[in-house]
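Here's a quick briefing to keep beside you while you look at the structure. Take a look at the chains first, then read on.

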Amino acid sequence: MRAAFANTITELAERDPRILLLTGDLGYMALEPFSDKFPQRFINVGVAEQNMIGLSTGLAEAGFIPFVYSIVTFAALRPYEFIRNGPVLHHLPVRIAAIGGGYEYGPAGPTHHGLEDVGVMRLQPGLTLVAPADAQQARTVILKTWDIAGPVYYRLGKDDKTIVPGLDGRFELGRAQYIREGNHLLFVTMGNVTSEVAAAAELLAVQEVNCTVLVVASLNPAPVQDLVEALARFETVLTVEAHYVVGGVGSLVSEVAAEHGLGCRVVRCGVKNSPTGTTGSQNYYYKQNGLTRQALVETALQAMSDLEVRSK
Amino acid sequence: MLQEKTVSISARQIRQIVLEQSKRANVGHIGSALSIADIVAALYDNILNIPNPEDPERDRFVLSKGHAALAVYAALALRGWITEADLNTYCGDDSLLGVHPEHALRGIDFSTGSLGQGLSMATGAALAARLQKSPRRVFALLSDAECNEGSVWEAIMFAAHHRLANLVAIIDLNGQQALGYTEQIIKLSSMAERWRAFGWDVHEVDGHDVAQLNETVAKLNTSDGAPHVLVAHTTFGKGVSYMEKQIKWHYWPMSEAEYQQALTEIGAVQ
């Protein structure tokens, strides 16, 4: 999604001189399409994310559309109050491109894992919040949101290669996208872990468990109507996110189910514990937190078996 | 940059409005507002080039020490950009005039109130002017204790590195903060040396001498060179004897007797 981001905003910048790109000294071998083409519109602000958001607020007030780039934790958490009191409070079109949602920076360790950004950003009603599932969808996301009113937070992944089958780059603000239909279980997923969910659904199909998979990239505005329609059709829904289970798509689904009086059971798959101190790859962390395709299959089968017990 | 104007704004008028509105609303932050009354008078009477608050080419002003907003509201009213009726809503329900300034109010460019954020926004505004090849300038008024915030120094370093000559910071160096004197809480001396060391063009001024403030700003090269800072030596609560240099007047509201004495001391005109 990183290359998709850099290439797409470079294309847009050719058409619109308001676009600037600021980075907190990150993006080596990623942002060059933009920085090579528009050196005057590319600003490395140094390792100073609070100032980066403050600068962007001042730039946006004067009519620019500043994109700011950093790793999720430094883009979202360090300058959170600047985001709140800057672009959100002033309704200004600052775009925060946060890289490495979930465990993409695996061995870099817990300081680099983006596990709570969706939760804290979802708290701000005035902030559009998008978490695409793959690079194709990331491109559509940017094309459909770069010039909307108010600030946008993009939760992006580093991975540009993995493509979610059946998604075909579809995206609409306030909507969710089906990538698979089945009548046994519903998966609702967010971000780059979606490819694991798609793989789990394939494995489950072999065992004659047919799943629907719904991708929520538009977290705010939330695809409430799409979720209501989907949740109403299933007794069990599994939410999957490389994020703490509080605040992300699992919370969103639970809120929608409760507010609309839907009777489905919500099984939240995500991160439930604080870091232990051990480190490893993204897949290592997925294993620890039940987010691999195999673990998702097991959780799904357990949910099916719970359902059978309940219905007896 | 002198401009044509139809009204003149004095620090005495600002102090009077600060006292009247603080008393009417029964709120504090009076000492902080009195501390900057002369600086705000100089800015809105002479320094800021703002034909009207909607002009995109106007100079920008950020009150980074947002808790002193009442002094700026007074100036906006004196310039005629908000009405006396607006002023009389200060701190009331459904008002745009809170303790801290909101951009929704005519004449306020940036919302502030959280210390340490204003200089970054001002620096962004100055960078925007440069990118747009506009001669407009950006002024930011900070408190001295606000420089406790690390983010202020992020902005200081950025502005110096990019030589944003169109950026003018003014430090209200009154030596006080909410719970005590800056020298006892976090030492800031020498403020001038600190900013100089970070690459700014530093001018120490008497923050209650409007003529000196005007002259100093008039001589700044805002088209080329380092960003500028006026380290303005001020007295907290200036003009009201019992408030001057007294910590309690950061938050305290006035009694009727105190109010009458304050009006007399500043030479209020009825």
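Chain B has an average pLDDT of 96, and 97% of its residues score at least 70. Keep in mind that this is a predicted model. For the complex, the predictor reports an ipTM of 0.95 and a pTM of 0.96.

**Where chain B meets chain A**

- On the chain B side, 19 residues are in contact with 20 residues of chain A.
- Two elements of chain B give two or more residues to the side that touches chain A: helix 6 (118–131) and helix 7 (150–161).
- Helix 6 of chain B gives the most to that side, with nine residues.
- Sorted by class, the side of chain B that touches chain A comes out as nine polar, eight nonpolar and two charged residues.

**A closer look at Leu167(B)**

- You'll find Leu167(B) in strand 3 of chain B, which covers residues 167–173.
- Is Leu167(B) buried or exposed? Leu167(B) counts as buried because it has 30 C-beta neighbours inside 10 Å, and the cut-off for buried is 20 or more.
- Leaving out residues up to four places away in sequence, Leu167(B) touches Ala122(B), Thr123(B), Ala126(B), Val138(B), Ala159(B) and Pro227(B).
- Leu167(B) and Ile17(B) sit 150 residues apart in sequence, and their C-alpha atoms are 29 Å apart in space.

**A reading tip**

Methods: Residues numbered from 1 in each chain as written. Chains lettered and ligands numbered in written order. Predicted model: local features only at pLDDT ≥ 70, side-chain atom pairs only at ≥ 80, totals over all residues. Contact = placed C-beta atoms within 7 Å. Helix = DSSP H or I, 4+ residues; strand = E, 2+ residues; numbered from the N terminus. Nonpolar A, V, L, I, M, F, W, Y, C, P; charged D, E, K, R; others polar. pLDDT = per-residue confidence, 0-100. Buried ≥ 20, exposed ≤ 12 C-beta atoms within 10 Å, placed from the backbone.
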